[in-house]
Amino acid sequence: MIASGVVGFKTADDCKTVGYLTDENSFYLWTKGGDKVKVASDISSIEHVSKDLSTIYFIKDDSLYKKSADSEDKEKITSDISNVIKIYDSGEIYYTKEEASEINLIDYVDDDMAEADANLTKPEFPEYPDSPDYPYWRDYGTDEEYEAAKTQYKNDYEVYKAACDQIRADYNSAYEAYRAKLNRDSLREDLQNATVESTKYTLYYFNGTEETVVTDALVDGYSATCAADKPLMLVDIYNQSEVQKVKLSEISSSYEIESMVNAAFYSSSEKYIVIDSVLSIIDQTEGQIFKVAADGSAIYFLDDIFKDENEDGDIEYGDLYKITITENQASDPELYDSDVLNAVIYFKDNKLIYFKNGSNNKGDLYIDKEEVDYDVSWDRALYIDEVILYYTDWNNEKGGGTLKMFKDGAKTKIADDVYNYTITKDGDILYLYDYSYNYYTGTLYLYNKGESRKIDDDVNALIIVYEEEDREEQYYANVW
């Protein structure tokens, strides 16, 4: 027994050295024929272990450390870290820090009515003038005098009515102004307490000696598309603009300011290439499925996506573009191929694999612009080293298809009616033939150098085990 209470481990290629993490959050190195050595303790997480297990990177107390097996002291790289995106064997690292803050909305408002409102008081209810008395006939000696009095009354009443209307209008106007002032007072009070919660993600690049801020407007601080072997990655960065102050008299709620701030800071973003610590924007409209070569020599993506309405459903296609990276400089995107399926696009050994002319999860398989085969099931293909295994003529009802292999520029038919398959580290292909859905069994064969040999009958399933480097796609990090 090497150790107990182990929660994770990794072995060197020669299987003579094992690095393991215990349930007490300590990392040890065990060497065959030697003693175990404690490398670090009180670890929050292991972020990277070198292939020979001689160096580990780990987080402890929100700080990132590097520890070599031949050194007694650990090296502190940075503090207050939130996420490690990628650590390269060269010692270069991409990581993020996050800062939660509150944006005070009042900072974006110009109170243009402050002085006027300070001097504005509630208007007093007005006093109206006495209305003129209506003349009565008995008070006049003749009809002529009475008619003249009525005419005078009408004139006096019109003057009275106009005076009352003006007083009422002046009061209403003053009260409306006062009520608007009360609304602004309420808005001022709301704005004094109104905030927008904001989390800022800052991306850092560590060159092995010092850290550099790449951007403080990262959209997502926990994922990125990275090259496997070179410090190059793709990130989304907010298009942040300066927020211009607005006049208090031109708004009616704090929500208007909140919307304006969010629009300025977080409404749109662009895709950027990061090479070391240098940013370059990617010229594209609505790019999708971005892929990066392991050596950082090229970036591919789909753009100009359109749908093909057909009887099999909506199939999306796009134009495939390529960005070439030369001496740490990114070229403009150039059209690489057209009518590419918006489905599986894969990089393996710096070769681009994609599909065209698709329907029902099938399409024409291409590698670096060259057509390999047609009617290929894109969701059942397997890419291992220089070998691509795939199905053609897959039949869902029978649960099988024709298994083929593409290797060294040539395709080879392995067998018909294959239900499942895998490939060993030595290049042998294991496959289940003539699988029965009634009995859930099939016949297991091994294919090697053009010959198939039966291994066993009544096999239920293949337990597929991949080497670690095969199951780690280039844009995932933190797998150790």
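Asp337 sits in strand E23 (residues 334-341). The model is a predicted one, in which local features need pLDDT of at least 70, side-chain atom pairs count only at pLDDT 80 or more, and totals for chains, interfaces and linings use all residues. Residues are numbered from 1 along each chain as its sequence is written, and side-chain values use heavy atoms, with hydrogens and water left out. Helices (H or I, at least four residues) and strands (E, at least two) are DSSP runs numbered from the N terminus.

With a relative accessible area of 14%, Asp337 is buried. Here buried means under 20% relative accessible area, exposed means over 50%, and partly exposed lies in between (1.4 Å probe, protein chains only). Leaving aside residues up to four places away in sequence, Asp337 touches Asp319, Leu320, Tyr354 and Lys356, where contact means heavy atoms within 4.5 Å. The side chains of Asp337 and Lys356 are also joined by a polar contact of 3.1 Å. A polar contact is a pair of N or O atoms within 3.5 Å; within protein, one must be able to donate a hydrogen and the other to accept it, and residues adjacent in sequence count only if both atoms are side-chain atoms.

Tyr391 belongs to strand E29 (residues 387-395) and is buried at 2% relative accessibility. Not counting residues up to four places away in sequence, the contacts of Tyr391 include Asp375, Val376, Arg380, Leu403, Val418 and Tyr419. A polar atom of the Tyr391 side chain lies 3.1 Å from the backbone oxygen of Tyr419. The C-alpha atom of Tyr391 is 75 Å from that of Arg179, a residue 212 places away along the chain.

### The largest nonpolar core

A nonpolar core is a set of buried Ala, Val, Leu, Ile, Met, Phe, Trp, Tyr and Cys residues joined through side-chain atoms within 4.5 Å. The largest such core has 17 residues, of which Leu389, Leu403, Ile414, Ile429 and Tyr431 touch the most other members. Two or more residues of this core come from each of strands E28 (382-384), E29, E30 (400-407), E31 (410-423), E32 (429-436) and E33 (441-448). E31 gives the largest share, five residues. Among the contacts of Tyr431, not counting residues up to four places away in sequence, are Leu403, Ile414, Val418, Leu444 and Leu462.

### Helix H2

Buried residues of H2 include Tyr146, Ala149, Tyr153, Cys164, Lys181, Arg184 and Arg188. Their cover includes strand E11 (109-110), helix H1 (114-118) and helix H3 (254-266).

Cys164 is buried at a relative accessible area of 7%, and Cys226 is buried at 2%. The structure holds zero disulfides, a disulfide being a pair of cysteine sulfur atoms within 2.5 Å.

### Salt bridges

There are 19 salt bridges in the structure. A salt bridge is a side-chain nitrogen of Lys or Arg within 4 Å of a carboxyl oxygen of Asp or Glu.

| Asp111 | Arg188 | 2.6 Å |

Asp111 is partly exposed, with a relative accessible area of 31%, whereas Arg188 is buried at 15%. A network of salt bridges links Asp111, Asp117, Lys181, Arg184, Asp185 and Arg188.

Glu176 and Arg179 both lie in helix H2, three residues apart, which is about one turn of the helix. Glu176 is partly exposed at 40% relative accessible area, and Arg179 is partly exposed at 41%.

Asp373 is buried, with a relative accessible area of 2%, while Lys411 is partly exposed at 46%.
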